[in-house]
Amino acid sequence: MLFEGSENYSEAINFFKEILGVKAAPKYENELKKIEKLSKFKEFKIAIKDKLPANLSAYKANFIELNAKMPCGYDLLKADEELACKLASKIVFAAFDSGADFLLASNEAEFYIFDTLAKKLEKSANRSLQDFYVLRASELMALENGEIPSGLKEHVLKVVII
């Protein structure tokens, strides 16, 4: 149902969570709305999972909108980790295959599943994410301001700054 072209991913996931008795995951704020400028990243191809927020459309950066109608899989982690990783791997590898330099996570849930669980996503898809990484909006803003965020050291997909 989830992988055969259904456009009701959220409804299907809610159905599975209800059957399995999984409590609702906390809602995360879209951090992309907090980005204030992007002058240093105009040459980068930046993938984002959903539609480009209005505040980012003003910047002439090269955004790749994946328009993934399916959720990132975070809500399913406690109920079915394998299914959650399959959902997330489809998104992260769509970003990778699009030629993006990195995937910009819109919230902590996306960052967790795309970066922290990256090795599981690679295993799920039987592919490698070598030389690809995921950034939080706050990390992108710090880099834009000439700072090196200390959190970059903790990424599973290592960020290389040249």
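This is a predicted model: local features need pLDDT of at least 70, side-chain atom pairs count only at pLDDT 80 or more; totals for chains, interfaces and linings use all residues.

Colleague: Which residues of α4 are buried?

Modeller: Within α4, which spans residues 108–116, the buried residues are Ala109, Glu110, Phe111, Ile113, Phe114 and Asp115. One of them, Phe111, has Arg136 over its face, at 3.7 Å from the ring centre.

Colleague: What lies within 3.1 Å of the backbone nitrogen of Ala109?

Modeller: A side-chain oxygen of Asn107 does, at the start of α4.

Colleague: How many aromatic pairs does the structure hold?

Modeller: There are seven aromatic pairs. In one of them, the ring centres of Phe41 and Phe44 are 5.1 Å apart and the planes stand at 45°, so this pair is tilted. Planes over 60 degrees apart count as edge-to-face. The pair of Phe93 and Phe96 is edge-to-face because the planes stand at 75°, with ring centres 6.1 Å apart.

Colleague: Where do Phe93 and Phe96 lie?

Modeller: Both belong to helix α3, three residues apart, which is about one turn of the helix. Phe93 counts as buried at 4% relative accessibility, whereas Phe96, at 26%, counts as partly exposed.

Colleague: Is Phe41 buried or exposed?

Modeller: Phe41 is buried, since buried means under 20% relative accessible area and the value for Phe41 is 8%.

Colleague: Which residues do ring pairs link into a cluster?

Modeller: The cluster consists of Phe41, Phe44, Phe102 and Tyr133.

How values were computed. Residues are numbered from 1 along each chain as its sequence is written. Side-chain values use heavy atoms; hydrogens and water are left out. Buried means under 20% relative accessible area, exposed over 50%, partly exposed in between (1.4 Å probe, protein chains only). Helices (H or I, at least four residues) and strands (E, at least two) are DSSP runs, numbered from the N terminus. A polar contact is a pair of N or O atoms within 3.5 Å; within protein, one must be able to donate a hydrogen and the other to accept it, and residues adjacent in sequence count only if both atoms are side-chain atoms. Rings of Phe, Tyr and Trp (its six-membered ring) pair if their centres lie within 6.5 Å; planes under 30 degrees apart count as stacked, over 60 as edge-to-face and the rest as tilted. A charge sits over a ring if NZ of Lys or CZ of Arg is within 6 Å of the ring centre and within 35 degrees of the ring normal.
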